[in-house]
Every structure is written in structure tokens, then in C-alpha cells.
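Keep the 3D view open.

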Amino acid sequence: MIHLKNISKRFGKQTVLHDISVEIAPNQITGLLGPSGSGKTTLIKCLMGMEKYDAGLITINDVTVPNRKLLNKIGYMAQSDSLYHDLTGKENIELFAHMYGKRISKKHTQAILDLVQLDQDKHKLVEHYSGGMKRRLSLAITFIHQPEFLILDEPTVGIDPVLKMNIWEQLHALKESSTLFITTHIMDEAMKCDQLLLMKNQRIAASGSPQEILETYGVSDIDQVFLKLEGEK
Amino acid sequence: MRTLFIIKRICKQVLRDKRTLALLFLAPIFVITLLNYIFPDPDDEVTIATVHVDPDIISVLEENQVIVQEETDIDPKAYLEAGHANGVLEEKDGEWTLTIVNDNPINEGPILQKSTQAVMEHNINELVDHIDEAVTKMNEFSAGIEDVLTQLPPEMQPDLDTAPDLQTDTELGIEEEALTVDYVYGDDRYSFFNIINPILVSFFVFFFVFLIAGMAMLKERSSGTLEKLLSTPIRKSELVFGYLFGYGIFAVLQTAVIILFSIYILDMEVAGSIIDMFIINILLSFVALGLGLLLSTFVRSEFQMMQFIPLIIVPQIFFSGMLKIESMEEWLQWLAPFMPLYHAGNAMLDVVLKGFQLSEITASLLILVLFIVIFVTLNILGLRRYRKV
């Protein structure tokens with residue numbers, strides 16, 4: 001279980017997160033939705049222990065963040081691809097696997113390569129990969145150690161529709177064993193999440209399942225929720 | 001364990017990057033070789049044109065391997081500019097004038113030195129001749145007195161030994177060189193290269209390792225892989241040591257290549273032990289690694305990394321032992337101990353030129369170790385920027 005209690009964060013005089021309290025439900029996909037600059041990435045970095053929060057408390061399985069050992073249970077994918085371009089796809093997977101201190105069996109590596117359909121290109125240097133291939137490889141690396149939590153910052157940016165469908169299917173399959181926390185600013189993807197957190201002006205403006213949110217605001221798509229929120233202000 | 005995999009990864013990356021490999025191994029060899037041939041060889045021929053110069057001086061010059069061209073009526077300036085000789089020596093009423101081009105102070109050294117030596121030798125010889133003459137005259141004089149005395153009546157003859165030991169003392173060592181130069185370290189075959197090469201070896205080790213470590217870490221930061229690595233449970237110290245030893249392997253290899261090349265191909269003479277040279281430079285390369293990794297924290301692009309070269313690297317050359325620290329302004333001297341290259345450069349001079357033993361350079365080595373400890377600690381702390389634990 002991930003708990004965020006009264007989290008605030010400021011960079012100098014600028015408030016980036018304002019009094020955020022959230023519980024992230026296990027074995028579900030929780031989507032963090034909001035326009036660019038609303039503080040999504042900062043929230044994720046606080047969750048990972050990469051950024052310090054000024055006030056409040058974050059716990060994962062009752063362990064206070066930041067905690068290095070906790071990272072064993074988390075798979076993280078940043079917005080950028082974060083791959084070694086001068087290594088092959090397979091070498092990238094193996095390197096990060098070793099960072100979790102696990103001897104990953106050949107079978108497991110192979111299964112993951114098959115899952116993201118990179119088996120044929122595993123011996124190619126990543127610098128020769130297409131954008132979509134890099135994204136898939138990044139995704140594969142996040143669940144190499146079968147983490148309990150997956151924290152993905154905009155996982156489907158720059159991916160073609162077919163592959164996007166494919167990835168969402170995989171995410172839903174991962175739900176069985178993991179809790180997923182995903183940021184996005186693409187509204188139609190929001191509908192695929194089980195739970196939604198709408199972020200606006202450094203705080204959580206609305207939360208619930210997509211259907212609940214649509215009903216509360218009496219609108220037919222998520223875009224209109226944001227327009228309504230804008231109007232309220 | 002994780003450190004080991006980071007090291008393995010760095011080796012793979014460097015070996016695949018042919019340009020970096022070339023920069024590490026070929027560039028220093030290229031520059032050191034160039035320098036070896038750029039500085040004039042002390043055995044090089046020097047030509048001096050002489051105008052009405054005493055034959056004694058000419059013979060001294062020739063003894064010193066100077067090619068002498070005897071001229072009678074020339075314009076020194078035009079003569080030199082035409083490239084007929086390296087210098088023109090004129091004698092007029094016992095005064096000597098040496099004309100040199102002076103467009104390159106390094107080249108003028110041997111001419112000045114050899115001409116001065118010849119003139120000095122000549123003058124000393126002349127002085128000796130004068131003394132000789134004086135002695136002879138005195139002898140004649142005392143002989144004359146004796147003659148006079150013998151003609152006096154015997155009862156008036158004083159009981160004097162009028163011819164003292166003068167005769168025996170007139171044999172001065174005229175044939176020997178007027179000035180013998182003794183060298184505390186090395187000998188007269190030492191060129192400028194011999195003296196600056198040990199420092200250059202250290203400088204290249206420092207410079208190239210600094211550059212490559214800094215650039216690599218910068219790439220790791222900007223590509224997001226550093227953040228990704230720190231999202232795994234790796235310890236910050238494991239990561240820093242992985243970097244240190246991963247690039248350290250190449251730094252050690254580079255040091256070995258530069259040292260062995262200087263000694264066996266360029267004939268650098270080492271008075272001390274080669275192993276001591278290795279110890280100094282390997283420690284220095286780790287200092288450079290630590291510093292490079294650290295400074296990459298403060299830059300956003302390769303260009304900004306380059307900006308550190310005039311700021312961090314170049315000033316260290318001045319303090320590396322090529323120039324005398326003692327003759328600098330006092331407030332500058334104070335800076336020297338803060339420069340890693342000051343300690344390494346001077347330790348290298350001690351080992352290579354003066355033949356110092358390991359026990360005599362321990363202080364410098366300990367300071368280098370201290371630099372490493374400081375930089376490694378700062379690097380580990382610096383990673384807090386990416387992860388708070």
C-alpha cells in the first residue's frame with residue numbers, strides 16, 4: 001500500500017505540491033492525470049525518494065520514504081528512455097537486473113524480451129533502436145525484478161497506437177501481481193485506468209474511478225472535467 | 001557485487017568507443033613525441049661567424065663543437081637574417097660583441113653560453129699569460145739584484161736568499177678548461193625535454209582521465225541512466241566506486257603506455273624507480289577521476305565541461321614543477337599545495353631527475369591519497385541530488 005499524507009513541496013518560492021493526501025489501492029492501475037507542469041513528475045520523484053518533500057509523510061508498505069531497500073520492490077520508468085545506447089538490448093536488461101542483486105535466469109530474460117517483442121533485436125545496440133523499441137525496452141527493464149509496485153512516468157509517450165494498445169494489455173496483465181501508478185496527460189488513456197487522480201494547480205482536484213468522476217461532474221469525457229475545474233476557479 | 005557490474009559495463013562501453021580509446025592512448029603519445037622533437041637537442045650544431053676574433057677564442061669555440069665561420073667585413077644583422085649563422089661574434093680593441101637574432105630564447109641559450117665560455121677562457125688565459133710575464137720579469141729582476149750583490153765586497157754581502165720560490169709557482173694549469181660545469185642531477189646531455197617530460201607524463205594522465213571521466217559521467221546524467229541506476233537499490237558508494245575503478249582500469253593502462261613509451265621509445269632517463277613513477281601517476285589518475293566526476297555535477301553540456309579546462313587544468317601546469325614556485329609572488333605560492341599536479345609533478349621530478357626513493361616522496365603521495373578521499377566523499381554526497389538515501 002502506498003500512502004501519501006499532507007505532502008507539500010516547494011522549489012524556492014514556488015509551490016510544486018500542495019497538501020496532497022492519497023492512498024494508492026493495491027492491484028489496480030492508478031492514473032495520475034494533469035496538464036504539463038501540474039507537478040506529476042515531482043510527486044513521482046518524491047514517491048521514489050529522489051526528491052525530498054518538505055512536509056507530510058509518504059509510506060510504502062508502512063516503510064517511510066525515502067528508503068533504499070524499498071527500491072527492491074519498485075520498478076521505475078522515467079520520462080526519458082534512460083538506456084545505455086552503446087550496449088545491446090540484452091546487455092541493458094542484464095545490467096539493470098544485476099543492480100537488483102538478482103541472478104536473472106536466461107529463461108526469465110527471454111520471457112521478458114518476448115513480452116515486449118524485442119527478441120529479434122536483442123543483440124542490436126540500442127542506438128540503432130527505433131523510438132518505440134526503446135520505450136518497450138525501458139518498460140521491460142522496469143519489471144525485470146518482478147516488483148510489487150510499478151511507477152511509470154508517461155510510459156506511452158511517442159508510441160504508435162497499435163503498440164500502445166499492446167502495452168496497456170500488458171499493464172493490465174501486470175495488475176495481477178503489482179500495483180501500478182502511472183502518469184499521463186493523454187486523456188483517452190485515462191479511461192483505461194482503474195482509479196484516477198486529477199491534478200491541477202499543485203493539488204489533487206478530483207479522484208475516483210473514471211466513471212465516478214464523469215458522473216460527479218456530469219460530463220462525457222475527462223477533458224471536460226478539466227474545463228469545469230478551470231471554470232470553478 | 002553491483003560495483004563489479006558497473007565496472008564491467010564501463011569496460012564494454014570504452015572498448016566499443018574507438019574514439020575514446022584513441023584519445024586515451026594515441027593522443028598523449030602523439031603530443032609527447034612532438035614535444036620530444038620540438039625542443040632543440042643540446043648536441044645540435046651551432047654556427048658562429050667571427051669578425052677579427054683572436055684565434056685563441058676560435059680554437060676554444062671549435063673545441064666546444066661550434067662551427068666557426070671567419071668573416072672580415074659583414075653586417076651582423078643582415079648576415080643573421082639571411083640565416084648564415086646563429087650568432088656573430090666581433091672583437092674590437094679587446095671588447096667583444098655577440099649579435100644574436102633573439103627570436104626564440106630557447107635557441108639562443110647554447111650560443112650565448114658557448115661564446116661567453118670561449119671569451120672567458122680566453123681572458124683567463126690572457127690573465128695567466130700576464131702573470132707569467134710578471135713572474136718572469138721579477139725573476140729577471142731578482143737575478144739582476146743577485147748580480148749586483150755578488151759584485152759587492154764579501155763582508156757587505158747580506159745573508160739573504162734573494163731568489164724565493166717564485167720559479168716553482170709559475171706552472172699554472174693553463175691547458176685545462178677554464179670552467180668545468182658539474183651537474184648535481186643528470187649531465188650536459190639533458191635537454192629541456194628531459195626536465196619537462198616527467199611533468200608532462202603526469203599532466204597527460206591528469207588531463208585525459210579528467211576529461212574522459214567527466215564526459216562519461218555527464219552523459220550518464222543527461223541521458224537519464226544515472227537517475228535510472230539510482231532508482232535501483234544500488235548504494236551511492238557502490239556506484240562511485242564502480243566508476244572509479246571502471247575508468248581506473250583505463251587510467252592505469254594509459255599511465256603505463258605513456259611511461260613505457262617515454263622511457264623505451266623516447267629514451268627518457270629515469271634516475272629513480274619506474275615503479276615509483278607508476279605509483280605517483282596511478283594515484284594522480286584517481287584524483288583526476290574523482291575531480292572529473294565531481295565537476296560534471298556542475299555542468300549541463302559537454303561545452304560547459306570544456307570550460308573547466310582553462311579554469312582547473314591550465315593553472316595547474318604553472319604549479320606542476322616546470323616553473324619555480326619559490327620565485328612566484330607570495331600570494332600565488334600559497335595556492336600551490338591545493339593543486340594535485342603540484343604534488344605529482346614535483347614527486348615525478350624527484351624520482352625521475354633526482355633519483356629519490358619511495359620513502360622520500362611519501363608526503364606527496366599521502367596528499368594525493370587525501371585528494372582522492374575528499375573527491376570520492378564529495379561524489380557520494382553529490383549523488384544526493386538524484387536520491388535522498
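Buried means under 20% relative accessible area, exposed means over 50%, and partly exposed lies in between (1.4 Å probe, protein chains only). T3(B) has 16% relative accessibility, so T3(B) counts as buried.

This is a predicted model, in which local features need pLDDT of at least 70, side-chain atom pairs count only at pLDDT 80 or more, and totals for chains, interfaces and linings use all residues. Residues are numbered from 1 along each chain as its sequence is written, chains are lettered from A and ligands numbered from 1 in the order in which they are written, and side-chain values use heavy atoms, with hydrogens and water left out.

T3(B) sits in helix α1 of chain B. Helices here are DSSP runs (H or I, at least four residues), numbered from the N terminus. Not counting residues up to four places away in sequence, T3(B) touches E238(B), F241(B) and G242(B). A contact means heavy atoms within 4.5 Å. A polar atom of the T3(B) side chain lies 3.2 Å from the backbone oxygen of E238(B).

Now turn to a pocket. A pocket is an open set of points on a 1 Å grid over the protein atoms alone, where a 1.4 Å probe fits, with protein on both sides within 12 Å along at least five of seven lines; lining residues have an atom within 4 Å of a point. The second largest pocket has a volume of about 600 Å³. Its lining holds 24 residues, and D86(A), D17(B), T20(B), A216(B) and K219(B) are the closest to its centre. Helix α6(B) gives the most to this lining, with six residues.

Technical notes: Grid points are joined across faces, edges and corners, and a volume is the space filled by probe spheres set on the points. Helices (H or I, at least four residues) and strands (E, at least two) are DSSP runs, numbered from the N terminus. A polar contact is a pair of N or O atoms within 3.5 Å; within protein, one must be able to donate a hydrogen and the other to accept it, and residues adjacent in sequence count only if both atoms are side-chain atoms.
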